[in-house]
Amino acid sequence: MEIHQLEMLRELGALGSVKAVAETLLVTPSAVSQQLAALQKSVEVPLTRKEGRNLVLTEAGQVLADAGAAVVSAMADARMAIGAYHGSPVAPVTLSGFHSAGQALFGPLARLLAEPGQPRIQLSDEDVAQQDFPALTARYDLVLAHRMDHSPRWPEDRVAVIPLAHEPLDVALPAGHRLAGQPAVTADDVVGEPWVTSHAGYSPADVLAAVAAVSSRELNVVHRINDYSTVAALVAAGGVIGLLPRHTARPVLNPEIVLKPLEGISTRRRIDILSRPENLKRKSVMLVCEALQTIMTGLVT
């Protein structure tokens with residue numbers, strides 16, 4: 001039993017002939033007859049009867065036509081509701097961000113969208129390994145994700161990707177460190193230092209593995225911490241050096257830390273917005289994407 005079949009049955013009751021139904025619905029009479037026959041097969045009682053040259057509804061047919069009218073009306077209401085939802089600028093938007101993105105972007109985003117008429121954002125932090133970000137789009141409208149340049153691309157057959165930033169990871173040194181006065185550092189400069197880095201599968205650990213490979217030396221990893229504010233605090237304390245993102249780490253930096261570019265190694269990570277393609281058709285979702293782009297532009301300039 002299909003919606004369009006019920007609609008044809010309702011029109012037959014109102015118009016009294018297959019030809020009139022066909023003209024009203026802009027289809028052929030044979031198409032109407034076929035659909036009414038298919039509908040008849042789905043029920044056990046006759047829905048129509050011949051009355052002269054016309055085809056009219058039986059009592060059972062009229063009951064089903066009335067019920068069908070209610071279904072068609074409900075579907076129209078549903079289409080109108082989903083249209084309003086898709087077009088609403090204030091519909092709620094769920095957003096997940098990894099930790100450093102949340103530290104840098106969530107506060108400004110909340111302030112930017114605080115005015116009436118703006119989307120209602122629901123924020124969450126999900127700091128997962130790079131390969132696990134696409135799966136989060138099943139739970140959130142938008143997902144802030146990161147991957148290193150050399151990492152596998154996002155599965156664009158399953159998720160839509162909006163680039164947000166192309167951010168270097170810099171070496172974070174205590175302000176009094178012997179290398180703090182240099183404009184940049186190399187792998188050989190820093191490989192023998194005590195390090196705080198992330199757990200495996202995250203950007204800092206990937207970069208540090210490249211440092212070891214380029215220098216052909218073993219690393220001295222003292223701490224494995226994913227949270228950049230904790231990394232910054234440990235570096236500032238003076239016992240270790242680390243890696244911090246150049247732009248999104250600004251909220252956790254202080255005068256006791258200096259950032260130095262790492263030469264000779266690719267340290268850039270891509271920060272992207274991931275989403276199910278259908279979510280990007282919603283006005284409120286696109287407004288949040290535009291707000292995130294505005295905030296990130298302000299961070300990197």
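Is Phe133 buried or exposed, and at what relative accessibility? Phe133 counts as buried because its relative accessibility is 0%. The model described here is predicted.

- Leu292 is in contact with Leu95, Leu105, Leu109, Leu144, Leu164 and Ile273, leaving aside neighbours within four places in sequence.
- As background, nonpolar side chains tend to be buried together in soluble globular proteins.

**Aromatic pairs**

- The structure holds two aromatic pairs.
- Phe98 and Phe133 form an edge-to-face pair, with 6.1 Å from centre to centre and 70° between the planes.
- This pair ties together parts that are 35 residues apart in sequence, because Phe98 lies in the loop between S3 and H5 while Phe133 lies in the loop between strand S4 (121-125) and S5.
- Both Phe98 and Phe133 are buried.
- Phe133 and Trp154 also form an edge-to-face pair, at 6.2 Å centre to centre with 90° between the planes.
- This pair links distant parts of the chain, 21 residues apart, with Phe133 in the loop between S4 and S5 and Trp154 in the loop between S5 and S6.
- Trp154 counts as buried because its relative accessibility is 8%, under the 20% limit.

**Helices H2 and H3**

- The axes of helix H2 (residues 18-25) and H3 come within 8 Å and cross at roughly 110°.
- The two helices, H2 and H3, are therefore roughly perpendicular to each other.
- In this contact, Val18, Val21 and Ala22 of H2 meet Pro29, Val32 and Ser33 of H3.
- By class, the contact of H2 with H3 has five nonpolar residues, one polar residue and no charged residues.
- Ala31 is placed in helix H3 (residues 29-41) and counts as partly exposed because its relative accessibility is 24%.
- Ala31 and Val18 are 13 residues apart along the chain, and their C-alpha atoms are separated by 9.6 Å.

**Residues with positive phi**

- Most residues other than glycine have a negative phi.
- Leu26 has a positive phi, near 60°, and is placed in the loop between H2 and H3.
- Leu26 is exposed, with a relative accessible area of 77%.
- Ser216 also has a positive phi, near 55°, and lies in the loop between helix H7 (203-215) and strand S9 (220-224).
- Ser216 counts as exposed because its relative accessibility is 67%.

Conventions:
Residues numbered from 1 in each chain as written. Predicted model: local features only at pLDDT ≥ 70, side-chain atom pairs only at ≥ 80, totals over all residues. Heavy atoms only, no water. Helix = DSSP H or I, 4+ residues; strand = E, 2+ residues; numbered from the N terminus. Buried < 20%, exposed > 50% of the residue type's maximum accessible area, 1.4 Å probe, protein only. Contact = heavy atoms within 4.5 Å. Phe/Tyr/Trp six-rings, centres within 6.5 Å; stacked < 30°, edge-to-face > 60°. Axes fitted to C-alpha atoms, helices over the stretch in contact; angles between N-to-C directions. Parallel < 35°, antiparallel > 145°, perpendicular 65-115°, else oblique. Nonpolar A, V, L, I, M, F, W, Y, C, P; charged D, E, K, R; others polar.
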